[in-house]
Amino acid sequence: MDTKSVVRAACAKYGSDRDRLIDILWEIQRASRHINDEGMEEVAAALGIHRVEVEGLVTFYSFFSSTPKGRITIRLCNDIIDRHAGADAVGQALVGALGIGFGETSGDGAFSLDHTSCIGLSDQAPAALINDVVVTNLTPAKARDLAELIKQGASPEELISVTGDGNNSHPLIHAMVSNNIRLRGAVLLHEEIPTEKGLAAALAMTPEQVAGEVTDAGLRGRGGAGFPTGRKLTLARGFPAERRYLVANADEGEPGTFKDRVLLTERADLLFEGMTIAAYAIGAAHGILYLRAEYAYLREYLEDVLKKRRDAGLLGGDILGSNRFSFDIRIQLGAGAYICGEESALISSCEGLRGEPKNRPPFPVEKGYMGFPTVVSNVESLCCIPRIMDMGSKWFGAFGTEESHGTKLLSVSGDCGKPGVYEVPFGLKIEELLQMAEALDPAIVQVGGPSGEMIGRGDFHRRIGFEDLSTGGAMMVFCARRNVLEIVDAFLEFFIDESCGYCTPCRVGSVFLRERIQRIMNGAGERSDMSYLEALGQTITATSRCGLGVSAPRPVIHSMRQFPLVYASLVKERKDGLQPGFDIQRGLDIARKIARRQSMIYDPRFGGKDE
Amino acid sequence: MSRHHESSGQEDSAARISFTIDGETCAAIAGQTIMEAADGAGVYIPRLCDEEGLDPQGSCRVCTVKVNGRPVASCVHPVGAGDVVENDTAEIRGWRRDLVRMLFHEGNHLCPICEASGRCELQAMGHRFETFEADLFPYLQPVRPVDASHPDIMLDTNRCIRCGRCIRASRDLDGKHVFGYVGRGINKRVGVNGIDLSHTDIDLDDMAAALETCPVGCIIRKRLGFFSPIGRRLFDMTPPGTAIQKRKGNSK
Amino acid sequence: MKRIATVSLAGCFGCHMSLLDIDERIIDLMKLVEFDRTPLNDLKSFTRRCDIGLIEGSCCNEENVATLREFRRQCDTLVGVGQCAIMGGLPVMRNAIMHSDDPLLECLEEAYLNSRLVYNPTNDMPNDPALPLLLDKVYICSQVVKIDYVIPGCPPSGDLLWSVLTALINGTPITTPPGGVKYD
């Protein structure tokens, strides 16, 4: 098909709705494997918008490309956990077997090779995406086998020989992913969770009562920020508006977090039930599940669950025969942007815009999706709501601590014997978790992923909860032989890659942080670099526009605080005043070749004296 | 479209409130941003991405102030009754200097050869926050191609500070869409609505191409450079903020 | 009495000219300092260790690097004077050459062979062994050695040079003169 017909078909599928630009671009990307100049012009013409708006989206989301990609695109996760698990060797094996480097596409257009940030499979690392298909627990040998099959023309789906436990083997998912549920708590992962009892209980109450019950339960946002969910519902309801929206945030992009993947796989009904109750509480008729592109393999299954719910009268008009409440959910697929996990950026993305955060105030509860009051809530928070409705706020509040009610799903990965998902009551000590996870020699735990907190052995007595260690769920465990600065550097690389670039401090400052960390890693650091990093970090944190920028310096600041001796052993007091990063010999190599002579100053054979 | 219309529309019904900037009591109209209120009171808050007549964007962060102890961008943050605003403190000056420096080091800002020198707002901010200690930030030295395709207008994104003023001017004032953001993170920059500038409908009368719109030397008019002698250029005579600070004198 | 050394690397000597713009204050300066290595007295090497080194220009070639390092070794305080020393100035425009894989060669060919204004019948590029080798790109001073202070401007005004210099010599806080700092 030529570009014009591809674009025409894509736009037609979404009624030439400008707000569905991401879905339209996905159609074109899948059909043509890129969105070129002509494609951008055509989309703009078809939607009555401007080409530069389309280009703005294509160049913002990492799963879109303006240059042709292969029929098969392999995206190897290069998160630090995956690299510790051997992703680099896997990468080399892929390069060797496919004959192309990272960022390249084979000459015949058959395949492309790329790196990608965490894809939510840290407990079965190294992992990669092959188009939408997930492959896990890779080794160089396995990678070579996969590459051979791909070269022989196998489709990504044909690469899957074994499927995982639970719904991972469901025909609509069919993934080689394991759930790795290590500990089931009473709230979410309990084997026997009744269906739709929460919804029935909720519909028997007034919306205000529902929001009140959630508030009484003390449910706080599970994404990490911990805003009281009940208050969010009440606030959104309080703003007079003709429409309201309920959005489930399944853009689980924080490296080392994968518990929502398990909920989406095993508790889809519970999630949709929770969304329905929350929608009832705020008076929303429309809901959106924002699914990160890395979880596209779950989409068909989730669509099927939604369909079954519609058929059963659990979604659509007149839910449960209530005669007064209708609600439906659509799935919005992301396109590769961590920043879209930030609620206002997520809303931008749902509106078919670049996934940049909006100015706040006004907050989404007042002016969100399309300018209407919108509640954006984490998948896990929404899953808690039906349980609260069913069992009561007292039951829920009995788990956990005074300020942190209920249980928390933790995604444990890294140097431990039992990586996977743990549902624990709030208040659990890190050392208790490490014991359960069979971490033999833990030296560093990154609580809440790169934007969370890095702690060392001295802090393992601390507890999980909003009053102490608040976390979206990531628990990255590193043993003593890991290099702290390598971890910090990887996190900074992640923040730089994922910064939307809107504000100066995050866009530029995080690049400067990394430059200095790398200088220290290369043995060229000085003691004054520590105060430089501290001051730069303060400016970035104080002046950034959203949480990403505020968090970007954290790995640096926390690691300097937790491991001062590591830094002290690397930085030197230089007396000669020279910049060790400057390499005069390398700087002269090109001139030597052009002039076909050696240096009179810097080549000893020619009497060079300076060093 | 502009916030100034919005606030003037509400003026009759809106309540007058008071707040303080650096200890000085100022009046404001509810619904104004801190920057609007400060401008009205004759207190200048340094800024780069904001320009009178355009919707505020809040991206350069140079206008960061502390409100009741919390840093916010004053161009987009609404003022509240009784707010305690800190503007000209050593801490905030330090942040602003860092931000201005970041922009200098992110692009290629070679003042001695730049046509915008003397009327460049980034340069003026540099002059304002300059210190004599050697700066430690690295220079990123981008090498993006210059777009000289258009007969009258040139675009050098190596000097772009991502303020988006051209984008908003083209969209909201000219009713066109010549510019837009492309790329993300450190690769985010201003793109044009076509394969290059000559394929857009920009022309010299556009506000997007007006000298006041681009605060730096990214959008340049061809055949128009160095038109005022050094010492007599816009910011040689009246550095940014002069007009606002004069208001204070008048109101007293 | 403080000792001062000055040098112009890849610069235009404009900053040195500007130093002479302090006019009759040069007599006061002579009372405060003694000049060691500097083009002002044509001294080509250090006679002894100095308190302050003023650097004009950036590093284009190996000789610039060797000179700058020598200054770092010989001076307690190094001051980058002017935009070239601070951020590369005009010479650093070379770093934006991007149309080939070998920017240095592209630069030389443009200068000596291809430019429309070049008359070069023998098609030779200067390559005398006495010529220092060029660096792959222009390095600003702070990329090569540690710089302690900077005096911005192209060139900095005589007044600004005077204020900063006297402050450094007397160990007093630097005050900006009327007219302030200018980058051009």
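Which side chains meet in a salt bridge at 3.7 Å, N to O? In this predicted model they are those of A:R387 and A:D390, and the legends below start with that pair.

Residues are numbered from 1 along each chain as its sequence is written, chains are lettered from A and ligands numbered from 1 in the order in which they are written, and side-chain values use heavy atoms, with hydrogens and water left out.

View 1. A salt bridge here is a side-chain nitrogen of Lys or Arg within 4 Å of a carboxyl oxygen of Asp or Glu. Helices (H or I, at least four residues) and strands (E, at least two) are DSSP runs, numbered from the N terminus. A:R387 is buried at 5% relative accessibility; buried means under 20% relative accessible area, exposed over 50%, and partly exposed in between (1.4 Å probe, protein chains only).

**View 2. A:K232 reaches A:E343 in a salt bridge.** Their closest N and O atoms are 3.7 Å apart. This pair links distant parts of the chain, 111 residues apart: A:K232 belongs to helix α10 (residues 229-238) and A:E343 to helix α14 (residues 343-350). A:K232 is buried, at 15% relative accessible area, while A:E343 counts as partly exposed at 22%.

**View 3. In chain B, B:R165 and B:E51 form a salt bridge.** Here the closest N and O atoms lie 3.4 Å apart. B:R165 is in helix α5 (residues 165-173), and B:E51 is in the loop between α2 (34-40) and β3 (64-67), 114 residues apart. With a relative accessible area of 0%, B:R165 is buried; B:E51, at 22%, is partly exposed.

**View 4. A network of salt bridges in chain A.** Its members are A:R83, A:E486, A:D489, A:E493 and A:R514. For context, a search of the whole structure finds 72 salt bridges over all chains.

**View 5. Chain A meets chain B.** Contact (heavy atoms within 4.5 Å) involves 43 residues of chain A and 38 residues of chain B. The two chains bury about 3300 Å² between them, 60% of it on carbon and sulfur atoms; buried area is the accessible area (1.4 Å probe) that two parts lose on being put together, summed over both. In chain A, A:V52, A:R507 and A:F512 lose the most area to chain B, together 19% of what that side buries. The count of salt bridges between these chains is 3, and A:E498 forms a salt bridge with B:R184, with closest N and O atoms 3.0 Å apart.

**View 6. Chain C meets chain A.** This contact takes 26 residues from chain C and 23 residues from chain A. Together the chains bury about 2200 Å², 58% of it on carbon and sulfur atoms. On the chain C side, C:E62, C:R69 and C:L133 lose the most area to chain A, together 30% of what that side buries. The rule finds 1 salt bridge across this interface; the side chains of A:E526 and C:K146 meet in a salt bridge at 3.3 Å, N to O.

Key
This is a predicted model: local features need pLDDT of at least 70, side-chain atom pairs count only at pLDDT 80 or more; totals for chains, interfaces and linings use all residues.
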